Amino acid sequence: MGRLFAVGIPGTISRRKVSAGVLGCWGARVLGCLGAVVLSAQVLGAQTGSVTGTITTTAKGLAPVRVTIDQKVCGADLPDHAIVVDAQGRLANAVVVLTGVKRAAAAETTITNDKCAFVPRVQIVRPNANVKTTSKDPILHTTNAQLENGRTLFNVALPIAGITITKPIGNAGNVRLSCNTHPWMRGWMVVTDDAAVVTGADGRFAIDNVPPGTYELRIWHESLKSAPQKITVTAGKPTDLAVQMK
Amino acid sequence: MWGAWCARCHAGDGSGKVNEPTITVEPMDFTECKVTTPEPDADWERAIAKGGPGVGLSSEMPGFEDSLTAAQISGFVSHIRGFCKEAGWPSGNNNFPRPIITEKAFPENEFLLLPAVNHTRKRQAPSLTDVSFVGVYERRIGKRSMVEFAVPFASHDHSAFRISGLGDVAVAFKHALYASSAAPRIVSLGVEAVVPTGNHDDGLGHGTFIFEPFITAGALLRDWYVQVQFKSELPANTDRADRALVYNAYVGRDTSAAPNTWTVGLEFNGENRELALTPQVRKGLTGTGALAASLGVMIPLNERQERGVRWVGYLLWEFLEPFRAAK
């Protein structure tokens, strides 16, 4: 047994799959080797933790927005997705950020103007990523990206369907998207290189492969608030948080 | 395409007044010739291409440069010009940056402050510093004319003492005789009357009325501004002041397409036999260029015994222009 570890079998130190440990297992008896592999697998799985949970709220969904212009394309009204909540109070479009755990999101992302709404409404974007704005609607949209301090980062006109315009997002923080021809339209980009995930319709979030330690968990939502919380991640022990937003 | 893309904020008739606006600022009224005709086409093309912030205005106007060609943008500008239904207004393509001494041909609505500091250093004599300020108010009249009031204040250094006070007030009238839109060229005629309000004994005024007819012209030749002026100074009392012929020429160039860009220039200034060169720079101080400043140095080429180097410049405020973006 001791001789196995002294050789420095690849796979026991890094977080590789069990098969790597098997490959490096030579110079020892087969049975003892298998035992070493099983033991190392248990050590591997227990080295990181995860942060999971459900976001809920007592806030109610909103009335539809009235479409004041271009009704032929947008319809007479549109659902207001500023708060998307189901009958059990589970909240979608909340962004859960685990500060201190760096994780790269996509270097390029797309925001689509589709039937007079920004799709996706909320997304996570890596700093300095390229944002491609495009439109499927045969009417003039303007994608106006503003920083939290009100300054406009860019405002591009999309006069016809099928045009794609690419702009860099820089280190923007939280970016609000609006349209100067359809004032009810809203979109958001949370620009961060921390581990982050957007809740779906079930309000669930899961951030895996978190090294053990203490972190700050922040949750961003365009309409609701909750206080940041300190959480401790232990290897092998899953968390299952229940967070209420107001 | 105006109806499909522009009318929702600018209105079908270009007035900027729509029933249910989707933006919070009110766009410029393109039917108001007084406000629109002084604007050069290049500034409007830049607003369409880069959006409002490209010309110091609201970011609610998006940029179209990624979806329209330069030719299409030019076409839109031509369409917008059509909203001003009155003929006879001189095109803003002739509205060149103002030189410091040479009078510009385009009529303006603006306030100006023109400081000048003259420093003469004579051998075996103490150096003298003269300072003057001129406050100027220019106001357009009708489509092509302008009236101007200038109030000078001077401070003369007599070494042992200094005399300061009001100089000779001047009133001027200028009219743009010819202004083309396509190849920018403009010619204006004017006349200035100098009133002897400055104390002649103190050396602050000429002590006589002076009648000063002038002609001024400008052209844009391949991105270079060329402006010239000829003026005749005819005093009523030739014992008190001399007749003079004044001739000025300016050549300058913008360093970028932004309305508040740096503009560099050189003037050649002559009065009778006294010649000078005045290199200068000008800068718009707000995004729209409604506030601007210029600084130059007037270097005498001859007759240097009586004339030292003079620091000259102006601070300018076009009071009908938007100062900066509303949002």
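Biologist: Does E45(B) count as buried, partly exposed or exposed?

Modeller: This is a predicted model, in which local features need pLDDT of at least 70 and side-chain atom pairs count only at pLDDT 80 or more, while totals for chains, interfaces and linings use all residues. Residues are numbered from 1 along each chain as its sequence is written, chains are lettered from A and ligands numbered from 1 in the order in which they are written, and side-chain values use heavy atoms, with hydrogens and water left out. Buried means under 20% relative accessible area, exposed over 50%, and partly exposed in between (1.4 Å probe, protein chains only). At 28% relative accessibility, E45(B) is therefore partly exposed.

Biologist: Which residue has a side chain joined to that of E45(B) by a polar contact?

Modeller: Beyond four places in sequence, E45(B) is in contact (heavy atoms within 4.5 Å) with I73(B), S74(B) and V77(B). A polar contact is a pair of N or O atoms within 3.5 Å; within protein, one must be able to donate a hydrogen and the other to accept it, and residues adjacent in sequence count only if both atoms are side-chain atoms. At 3.2 Å, the side chain of E45(B) has such a contact with that of S74(B).

Biologist: Which helices are included in what covers the buried residues of helix 3 of chain B?

Modeller: Helices (H or I, at least four residues) and strands (E, at least two) are DSSP runs, numbered from the N terminus. Helix 3, residues 41-50, has D43(B), W44(B), A47(B), I48(B) and A49(B) buried. Their cover includes, from chain B, helix 2 (33-36) and helix 4 (70-81).

Biologist: Which residue of chain A forms a salt bridge with R8(B)?

Modeller: Together, W5(B), R8(B) and T22(B) account for 38% of what the chain B side buries. Three salt bridges (side-chain nitrogen of Lys or Arg within 4 Å of a carboxyl oxygen of Asp or Glu) are counted between chain B and chain A. In one of them, at 2.9 Å from N to O, the partner of R8(B) is D70(A).

Methods
Buried area is the accessible area (1.4 Å probe) that two parts lose on being put together, summed over both.
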